[in-house]
Number of protein chains: 2
Amino acid sequence: MTQSTQDRIINAAIELVKEKGFVGATTREIAKRAQVNEVTLFRHFGNKKGIIEAAIEKLSFVNSLSVSLSEDVVWDLTKDLSMIVKIYQTKLEEKRDLILISFKEAGRFPELDQMISGLPMKYKEMIMDYFQTMIQKGKVPPFNVEIAATNFLFLNFGYFMLKSRLNPLAEDMSLDKFINQNVAQFIDSLQGEPSINSD
Amino acid sequence: MTQSTQDRIINAAIELVKEKGFVGATTREIAKRAQVNEVTLFRHFGNKKGIIEAAIEKLSFVNSLSVSLSEDVVWDLTKDLSMIVKIYQTKLEEKRDLILISFKEAGRFPELDQMISGLPMKYKEMIMDYFQTMIQKGKVPPFNVEIAATNFLFLNFGYFMLKSRLNPLAEDMSLDKFINQNVAQFIDSLQGEPSINSD
DNA sequence: TCACATTGTAAGCAAATACTTGCATTTACT
DNA sequence: AGTAAATGCAAGTATTTGCTTACAATGTGA
């Protein structure tokens, strides 16, 4: 199925802004990449900024990043955290372009900044809630849930960032490997069990 | 002591490129912020790109990021890792502007890209060496050093990135707190001991 | 077929930008 | 004092950029 004119423009704009920054991405080049005449951009979105703002609105409403905790949780540390990481990282991946743009253009799109900067906090709070409940259920020995949730957040965010920006390292940074190795080690540390095998 | 003309120009350029990107930072504004006539930029650095390239060369030679492992290591897990994190994060902080620029302007300054992208790998390898030796010395039970080093890297990098870019969260993200809480929890997980206290 | 919406074409404009040139002024050093 | 280097000043140029206007071509649904 063919993309609408608006969608082609939005996608081309996102690509170019990601590559060259907002100022570096010219309307002529956006139009060329979208295979559209330059005036069409302005007819649809008013001005250059309007294109990116439309992209932000579109991508932020399509899928919010709140992981549905109540459903799908089976109160098994490994199963649950693996699932949560998978969902979270997948959704981050979908939003990767916008996240990278928000890093590049910090301050230019306040709405985007707000949206992006809220993500880690929400994630941390959700994880804290989950840990708290697991402790109450007696599934894990008690621990400081805030510190653990912060570490879990750093782990996830560090993985995402290094994977997104430092491709040389990314050769063997698949999501599955991350979950089965790195997340697994973190999980072990919460259970007070001996660490992962040495081979 | 007063800065030299070159230094004022370089610092102003770094500030502005960090704020507005390379294309968005105009030579007029750089000159104004450096309290220097615009022509002086070109007389010293040839063209706009030359300013940033000079900044890269200057800041990358002043202090390389290789942590001196052989010295200062006392083969105590907590003391050593705390020291390493402190040194590493402090040096990252010194280079923060360049790191953020390399994120903003990925591809524009290959030399910078190369320098930045090499940091995590070096860090990981150094940590792996340290873990390996600690195991050989019998100071810690054996574990998979690669996974542990990767997690340690993610922890450090995630902390740095979230602290650098998401200020709202940064209120209570001091380096000391990070070391005493988050790094401490990681250390505990390697020693096979019960996790941190719940209060 | 007719009306209307969408897109293309051509031309251009006002502003900004990187960079240059020629010359005056200041600063530093002997 | 005098010389040379560093910096300022004024003016300008060629190009690019965001955006506009006027009009023709194409498609689409009644």
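Buried, in these notes, means under 20% relative accessible area, exposed means over 50%, and partly exposed is what falls in between (1.4 Å probe, protein chains only). I'm working on a predicted model, where local features need pLDDT of at least 70, side-chain atom pairs count only at pLDDT 80 or more, and totals for chains, interfaces and linings use all residues; side-chain values use heavy atoms, with hydrogens and water left out. Residues are numbered from 1 along each chain as its sequence is written, and chains are lettered from A and ligands numbered from 1 in the order in which they are written.

**Entry 1: A:I9**

I looked up A:I9 and found it in helix α1 (residues 5-24) of chain A; helices here are DSSP runs (H or I, at least four residues), as are strands (E, at least two), numbered from the N terminus. A:I9 counts as buried because its relative accessibility is 0%. Which residues does A:I9 touch, not counting those up to four places away in sequence? I get A:I30, A:A34, A:V36, A:T40, A:L41, A:H44, A:F45 and A:I51, taking contact as heavy atoms within 4.5 Å. I also checked A:A55, 46 residues from A:I9 along the chain: the two C-alpha atoms are separated by 9.5 Å.

**Entry 2: chain A overall**

I count 9 helices and 0 strands in chain A. Of its 199 residues, 49% are buried. For contacts in chain A with a separation of 6 or more, 67% come from residues 24 or more positions apart.

**Entry 3: two positive phi values**

I went through the loops next. A:Q35 has phi near 55°, positive although the residue is not glycine. A:Q35 sits in the loop between α2 (27-33) and α3 (38-45) of chain A, and it is exposed at 67% relative accessible area. A:W75 also has a positive phi, near 55°, and is likewise a residue other than glycine. Its place is the loop between α4 (48-62) and α5 of chain A. With a relative accessible area of 27%, A:W75 is partly exposed.

**Entry 4: α5 on α7, chain A**

How are helix α5 (residues 77-94) and helix α7 (residues 110-136) of chain A arranged? They pack at an angle of about 170°, with axes 12 Å apart. That makes α5(A) roughly antiparallel to α7(A). For the geometry, axes are lines fitted to C-alpha atoms, for helices over the stretch in contact, and angles run from 0 to 180 degrees between N-to-C directions. Angles under 35 degrees count as roughly parallel, over 145 as roughly antiparallel, 65 to 115 as roughly perpendicular, and the rest as oblique.

On the α5(A) side I list A:L77, A:D80, A:L81, A:I84, A:V85, A:Y88 and A:L92, which meet A:L119, A:P120, A:Y123, A:M126, A:I127, A:Y130, A:F131 and A:M134 in α7(A). By class, I get 14 nonpolar, no polar and 1 charged residue in this contact. Nonpolar covers Ala, Val, Leu, Ile, Met, Phe, Trp, Tyr, Cys and Pro, charged covers Asp, Glu, Lys and Arg, and polar takes the others, Gly among them.

**Entry 5: α6 on α8, chain A**

α6(A) and helix α8 (residues 145-165) of chain A pack at about 90°, with their axes 12 Å apart. α6(A) is therefore roughly perpendicular to α8(A). From α6(A), A:R96, A:I99, A:L100 and A:F103 meet A:F157, A:F160, A:M161, A:S164 and A:R165 of α8(A). This contact has 6 nonpolar, 1 polar and 2 charged residues.

I then picked A:S102, found in helix α6 (residues 96-104) of chain A. A:S102 is buried, at 7% relative accessible area. Leaving out residues up to four places away in sequence, A:S102 touches A:L112, A:D113, A:I116 and, in chain B, B:R165.

**Entry 6: chain B helices**

In α6(B), 7 of the 9 residues are buried, so the helix is largely enclosed by the rest of the structure.

For helix α5 (residues 77-94) of chain B, the buried residues include B:L81, B:I84, B:V85 and B:Y88. The buried residues of α5(B) pack against α6 (96-104), α7 (110-136), α8 and α9 (175-191) of chain B.

Is helix α8 (residues 145-165) of chain B mostly covered or exposed? Covered: 19 of its 21 residues are buried. α8(B) reaches 30 Å from first C-alpha to last, close to the 30 Å expected at 1.5 Å a residue; the expected span is 1.5 Å times one less than the number of residues. B:N144 caps the N-terminal end of α8(B), with a side-chain oxygen 3.0 Å from the backbone nitrogen of B:E146.

How values were computed: A polar contact is a pair of N or O atoms within 3.5 Å; within protein, one must be able to donate a hydrogen and the other to accept it, and residues adjacent in sequence count only if both atoms are side-chain atoms.
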